[in-house]
Amino acid sequence: MLFQLPTLKTCQVLVDEFRLAPQPFEPEKLRFAGVGDRDVYNISAPFLDEGEWVIAGRVESRDSEQSEVYFFIERDGVWIPREGAPVFALQDPFVSRIHGQLVFGGVETFPHPVFVGEHSWRTVFYRGPNIRRLEKFAEGPDGMKDIRLVELKDGSIGVFTRPQGEKGGRGKIGFTRIFSLDELTPDVIEAAPILDAQFTDEEWGGVNEAHLLSNGLVGALGHIACFDEQGNRHYYPMVFVLNPETMERSELELLALRSHFLDGPAKRPDLANVVFSGGLIRKGDGTAELYAGVGDAEAQKISLIDPFAKYEAQELDRMYASV
């Protein structure tokens with residue numbers, strides 16, 4: 001059985017294990033235009049909107065963290081801002097489809113209510129039939145990023161959370177279920193139970209995108225991160241699979257290392273080894289494409305073996321037989 005009691009593993013253990021696994025291939029930089037000399041990174045995977053493939057991307061000057069989210073369309077191999085699309089003062093965009101609606105969100109920053117000169121953040125959510133008609137409907141607790149939604153097989157909504165501080169330390173993943181987008185409130189998000197045995201207290205991670213698999217399992221694309229002794233940040237794209245009925249889940253697996261992507265700039269020296277998962281396009285032929293922000297300065301994609309295929313092949317009743 002592919003699901004077993006998860007083992008707590010550090011970034012370094014996961015890296016060592018991953019070096020023995022099939023390696024990703026065909027890295028490619030995404031080209032963007034129409035935003036001046038600003039960087040585009042921490043993108044979503046392409047998604048369909050009104051019959052057109054669109055990418056949401058974080059747009060930011062190299063020496064700033066004041067960012068905007070643009071929606072881009074591809075023209076002759078270059079992604080350009082979509083004419084007439086809204087621009088949001090957010091970071092790290094994400095999209096999903098829930099109950100027939102497009103759900104879009106990102107991280108909103110605001111002055112810290114206590115510490116003068118510092119900022120806090122929250123995740124905000126918009127919904128609508130398409131990009132042009134998005135309206136804000138919810139926000140997460142102050143100080144929480146990486147809240148992601150997925151429509152489950154029974155029509156309920158899975159909610160991945162990432163508390164920090166007393167409950168989550170540097171950042172751990174929680175999960176709960178709701179039955180309507182109107183139930184997405186800060187209190188519900190805060191109350192989500194933590195998935196244990198995923199991160200040590202010195203490391204952290206979160207979910208960046210969630211996929212409903214054909215057998216009702218949920219494939220979570222995320223990241224695991226740590227500091228080294230010099231204070232440099234290391235972010236690795238990872239996946240795990242969750243059974244929302246039993247809360248069984250797989251161990252974390254890495255998808256790629258920074259060295260698998262093409263060389264390029266970093267926003268700061270301490271961010272040179274950052275790969276931030278944006279989205280995964282499953283190709284249906286046993287492979288997938290990972291879209292990611294690299295070095296907090298650019299966007300790339302890379303091909304790999306579909307990490308969810310081996311779990312999707314399982315029958316749920318075989319998993320339930322051991323419960």
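**Salt bridges and cysteines**

1. The count comes to 32 salt bridges, a salt bridge being a side-chain nitrogen of Lys or Arg within 4 Å of a carboxyl oxygen of Asp or Glu. The model is predicted, so local features need pLDDT of at least 70 and side-chain atom pairs count only at pLDDT 80 or more, whereas totals for chains, interfaces and linings use all residues. Residues are numbered from 1 along each chain as its sequence is written, and side-chain values use heavy atoms, with hydrogens and water left out.

2. One of these pairs is Glu68 with Arg38, whose closest N and O atoms are 3.0 Å apart. The pair links distant parts of the chain, 30 residues apart: Glu68 belongs to strand β5 (residues 68–75), and Arg38 lies in the loop between β1 (25–29) and β2 (39–41). Here helices (H or I, at least four residues) and strands (E, at least two) are DSSP runs, numbered from the N terminus. Glu68 is partly exposed at 29% relative accessibility, and Arg38 is likewise partly exposed at 25%. The terms are set by relative accessible area: buried is under 20%, exposed is over 50%, and partly exposed is in between (1.4 Å probe, protein chains only).

3. A salt bridge also joins Asp201 to Lys172, with the closest N and O atoms 3.2 Å apart. This pair, too, links distant parts of the chain: Asp201 sits in the loop between α2 (186–190) and β14 (204–212), Lys172 in the loop between β12 (157–161) and β13 (174–178), 29 residues apart. Asp201 is exposed, at 57% relative accessible area, whereas Lys172 is buried, at 13%.

4. Asp270 and Arg268 form a salt bridge in which the closest N and O atoms are 2.9 Å apart. Asp270 counts as buried at 17% relative accessibility, while Arg268 counts as partly exposed at 32%.

5. A network of salt bridges links Glu108, Arg122, Lys136, Glu139 and Asp142.

6. How many disulfides does a search of the whole structure find? The result is zero, where a disulfide is a pair of cysteine sulfur atoms within 2.5 Å. Cys11 is in no disulfide, and the nearest cysteine sulfur, that of Cys226, is 3.5 Å away. Seen from Cys226, the closest cysteine sulfur is that of Cys11, and the 3.5 Å between them is too far for a bond. Cys11 is buried at 3% relative accessibility, and Cys226 is buried with a relative accessible area of 10%.
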